[in-house]
Amino acid sequence: MKNIDIIKNNFTENQKVTIASETTLLNALNDATSILIKMLSNNGKLLACGNGGSSGDAQHISSEFINRFELEREELAAVSLNSDTATLTSIANDYGYEYIFSKQIKAIGMDTDVLIAFTTSGNSKNIIEAIKAAHAKNMTVILMTGCDGGGAKKLLSDKDLPVIVPSNRTSRIQEVHLISIHSICECIDKYLTK
């Protein structure tokens, strides 16, 4: 297959997954926005985490909260749990990589906070431990995932929310996670500036 065909196929596949996601994720993303608005009204903060490209998503939504998205508004409390390299490496070294997020949640999480966990497979051990830690703190979890939601989806309680992109391909899932982040942030901007 030629490079030009690979590139064209990526755009075509992206369009198909995006259209399928529009149908399946509208209510979930609306519910995620409502959860986050309730969190903000209760003076809670957003804790976000993920691995690899998903760590970029966690940092992205955190930065949109703290700085701004597209409209001028007050700063919103958010922490990307995968940004502090000293904390991450000390936990990984002393306890194991699977606890890099959960130990932070145990330290700073409160019941007014929301954990948004990004994992394309739903099977990342550190995300599973993060969800367990969030539940121990009585936090709500928004799980941004794909495939069938994996082991992480099985841990969710009735107050949690799975947002599952209808794809098994990591790149397509992450692309939809990005538009999901932007959609949530735009809704929050409009709510806070109305």
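This is a predicted model: local features need pLDDT of at least 70, side-chain atom pairs count only at pLDDT 80 or more; totals for chains, interfaces and linings use all residues.
Visitor: Where is Lys 132 found?

Guide: Lys 132 is found in helix H5.

Visitor: How far is the C-alpha of Lys 132 from that of Ile 105?

Guide: Those two C-alpha atoms are separated by 9.7 Å, and the residues are 27 apart along the chain.

Visitor: Back to H5. How many residues does H5 have, and what is its reach?

Guide: H5 covers residues 125-136, which is twelve residues. From its first C-alpha to its last it reaches 17 Å, close to the 16 Å expected at 1.5 Å a residue.

Visitor: Which residues in H5 are buried?

Guide: The buried ones are Asn 126, Ile 127, Ile 128, Ala 130, Ile 131, Ala 133 and Ala 134.

Visitor: What covers the buried residues of H5?

Guide: The cover includes three strands, S1 (46-50), S3 (114-119) and S4 (140-145). It also includes helix H4 (102-108) and helix H6 (150-155).

Visitor: What comes just after H5?

Guide: Asn 138 is there, with a positive phi of about 60°. Asn 138 takes that value although it is not a glycine.

Visitor: Which loop is Asn 138 in, and is Asn 138 buried or partly exposed?

Guide: Asn 138 is found in the loop between H5 and S4. It counts as partly exposed, at 44% relative accessibility.

Visitor: What about the phi of Cys 147?

Guide: Cys 147 also is not a glycine, and it has a positive phi of about 50°. Cys 147 lies in the loop between S4 and H6.

Visitor: New topic. How many disulfides does a search of the whole structure find?

Guide: The search finds zero disulfides. For Cys 49, the nearest cysteine sulfur is that of Cys 185, 16 Å away. A disulfide needs the two sulfur atoms within 2.5 Å, so Cys 49 is in none. Cys 147 is in no disulfide either: its nearest cysteine sulfur belongs to Cys 49 and is 17 Å away.

Visitor: Which of the two is buried, Cys 49 or Cys 147?

Guide: Cys 49 is buried, with a relative accessible area of 0%. Cys 147 is partly exposed, at 29% relative accessibility.

Visitor: Now helices. How do H2 and H7 pack?

Guide: Helix H2 (residues 53-66) and helix H7 (residues 170-193) pack at an angle of about 10°, and their axes are 11 Å apart. Angles under 35 degrees count as roughly parallel, so H2 is roughly parallel to H7.

Visitor: Why give both an angle and a distance?

Guide: Two packed helices are described by the angle between their axes and by the distance between those axes.

Visitor: Which residues meet where H2 contacts H7?

Guide: From H2 there are Gly 53, Ser 54, Asp 57, His 60, Ile 61, Glu 64 and Phe 65. From H7 there are Gln 174, His 177, Leu 178, Ile 181, His 182, Cys 185 and Ile 188. By class, the contact has six nonpolar, six polar and two charged residues.

Visitor: What span should H7 have?

Guide: H7 has 24 residues, which should span 34 Å at 1.5 Å a residue. Its end C-alpha atoms are 35 Å apart, which agrees.

Visitor: Which residues of H7 are buried, and what covers them?

Guide: Among the buried residues are Arg 172, Val 176, His 177, Ile 181, Cys 185 and Asp 189. Their cover includes helix H1 (3-41), H2, S3 and S4.

Visitor: Pick Ile 61. Is Ile 61 buried or exposed?

Guide: Ile 61, which lies in helix H2, counts as buried at 0% relative accessibility. Leaving aside neighbours within four places in sequence, Ile 61 is in contact with Leu 46, Ala 48, Ile 116, Phe 118, Ile 181 and Cys 185. The C-alpha atoms of Ile 61 and Ala 48 are separated by 7.8 Å, with the residues 13 apart along the chain.

Visitor: Last one: where is Arg 68, and what does Arg 68 touch?

Guide: Arg 68 is in the loop between H2 and strand S2 (78-80). Not counting residues up to four places away in sequence, Arg 68 touches Ser 63 and Arg 73. Arg 68 is partly exposed, with a relative accessible area of 32%.

Note on methods
Residues are numbered from 1 along each chain as its sequence is written. Side-chain values use heavy atoms; hydrogens and water are left out. Buried means under 20% relative accessible area, exposed over 50%, partly exposed in between (1.4 Å probe, protein chains only). Axes are lines fitted to C-alpha atoms, for helices over the stretch in contact, and angles run from 0 to 180 degrees between N-to-C directions. Helices (H or I, at least four residues) and strands (E, at least two) are DSSP runs, numbered from the N terminus. Angles under 35 degrees count as roughly parallel, over 145 as roughly antiparallel, 65 to 115 as roughly perpendicular and the rest as oblique. Contact means heavy atoms within 4.5 Å. Ala, Val, Leu, Ile, Met, Phe, Trp, Tyr, Cys and Pro count as nonpolar, Asp, Glu, Lys and Arg as charged, and the others, Gly among them, as polar. The expected span of a helix is 1.5 Å times one less than its number of residues.
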